[in-house]
Amino acid sequence: ALLNDAASVFENDLTTGNLGAITPGGGNTWSLSFPNPSTGVNVTLNNPVVAPNAITIYVGARDLPGVLIGSSSYQYSFFGNSSWVNLFQTRDSQTSFGSFGGAIAFDSLTPWYFDTDPLTLESFPGDYDFYSVAEHEIGHLLGFTDGANAFNAKVSGTQFVGSHVEALFGGPAPLAGASDLDHWQQGLVSGGQEVLMDPTFFFNQRKTPTPLDLAAFQDIGYTLITVPEPTTASLVALTVVAFVVMSRRRVH
């Protein structure tokens, strides 16, 4: 339920326009790979069919290495005719990213706070907020990563130089560093709140997307929804699939 609530935050804030279906066949092939979120063993989905305007995220838990409490990952490859190749190049272009989905693994040894109502905020000392970390990892799979061409095209050195971000921030916004271009600089604040997409979470901390986070998504091809009642057809459908038995990005 909390994963669906976290996905709904992005569904209510952003639209991609129309994400076309991915339907392999006739010599057109593709694959989506990621570590099984509950075992860490690499999984390759060969020729998955993706419905229009849908993103599927596979979720599980395991003992993650070091200080990681969450990790998201996707890799894809494709082969086929020119229109098939164009479909993938358009979906992951220098100006726009349309997510292919992927996997999120949560650390099974972390003390988690599972909020029964994320619209209210209570104190949870000694626990990490599952809802906030889920939002963060979904954000990576939606393209807040230097693995997405549209995001990488807006990175200069260790700064993000997208036009929406610069207009809001008053210039380039700092990323975490040369070895971590997947996160904002730690502790960056926007709209009076620490940004969602910086690298570290603390006990008793709730985060949601700030104006700066949303501006970065605009810079990689999303449109910010400003009307209070967006039509369902305009939203990305984020389908969360739990890998509870079977079952390139990180949170510190």
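This is a predicted model: local features need pLDDT of at least 70, side-chain atom pairs count only at pLDDT 80 or more; totals for chains, interfaces and linings use all residues.
Which strands does H6 lie across, and at about what angle does H6 run to E13? Residues are numbered from 1 along each chain as its sequence is written, and side-chain values use heavy atoms, with hydrogens and water left out. Helices (H or I, at least four residues) and strands (E, at least two) are DSSP runs, numbered from the N terminus.

**View 1. Helices H1 and H3 pack at an angle of about 50°.** H1 covers residues 2-13 and H3 covers residues 130-141, and their axes are 9 Å apart. That makes H1 oblique to H3. Axes are lines fitted to C-alpha atoms, for helices over the stretch in contact, and angles run from 0 to 180 degrees between N-to-C directions. Angles under 35 degrees count as roughly parallel, over 145 as roughly antiparallel, 65 to 115 as roughly perpendicular and the rest as oblique. From H1, the residues Leu 2, Leu 3, Asp 5, Ala 6, Ala 7, Val 9 and Phe 10 meet Phe 130, Tyr 131, Ala 134, Glu 135, Ile 138 and Gly 139 of H3. Contact means heavy atoms within 4.5 Å. Sorted by class, the contact of H1 with H3 has ten nonpolar, one polar and two charged residues (Ala, Val, Leu, Ile, Met, Phe, Trp, Tyr, Cys and Pro count as nonpolar, Asp, Glu, Lys and Arg as charged, and the others, Gly among them, as polar).

**View 2. Three strands form an open sheet in the order E3-E2-E6.** The pairing in this sheet is antiparallel. Strands E3 (42-46) and E6 (75-79) are the edge strands, each pairing on one side only. Neighbouring strands of this sheet are turned by 15° against each other on average, direction ignored. Two strands pair if DSSP finds at least two bridges between them. Five bridges join E2 (residues 29-35) to E6, and Thr 29 stands opposite Phe 79 in E6. Helix H2 (residues 82-91) packs on the sheet and touches E2 and E6, its direction making about 160° with that of E6.

**View 3. Helix H6 lies across strands of a second sheet, E11, E12 and E13.** H6 runs at about 130° to E13. The open sheet has four strands in the order E10-E11-E12-E13, with antiparallel pairing. Its edge strands are E10 (155-156) and E13 (180-184), each of which pairs on one side only. E12 (residues 173-177) and E13 pair over two bridges: Gly 177 stands opposite Asp 180, and Leu 175 stands opposite Trp 184. A hairpin of two residues joins E12 to E13. Five of the five residues of E13 are buried (under 20% relative accessible area; exposed is over 50% and partly exposed in between, with a 1.4 Å probe and protein chains only). Seven of the nine residues of H6 are buried, so H6 is largely enclosed by the rest of the structure. The buried residues of H6 are Leu 212, Asp 213, Leu 214, Ala 215, Ala 216, Phe 217 and Asp 219. Just after H6, Gly 221 takes a positive phi of about 115°.

**View 4. Asn 47 and Asn 204 have a positive phi.** Most residues other than glycine have a negative phi. Phi is near 55° for Asn 47, which is found in the loop between E3 and strand E4 (54-62). Asn 47 counts as partly exposed, at 33% relative accessibility. For Asn 204, phi is near 60°. Asn 204 is found in the loop between strand E15 (193-194) and helix H6 (211-219), and is partly exposed with a relative accessible area of 36%.

**View 5. Asp 129 is buried in the model.** Asp 129 lies in strand E9 (residues 128-129) and has a relative accessible area of 1%. Not counting residues up to four places away in sequence, Asp 129 touches Trp 112, Tyr 113, Phe 124, Gln 205 and Arg 206.
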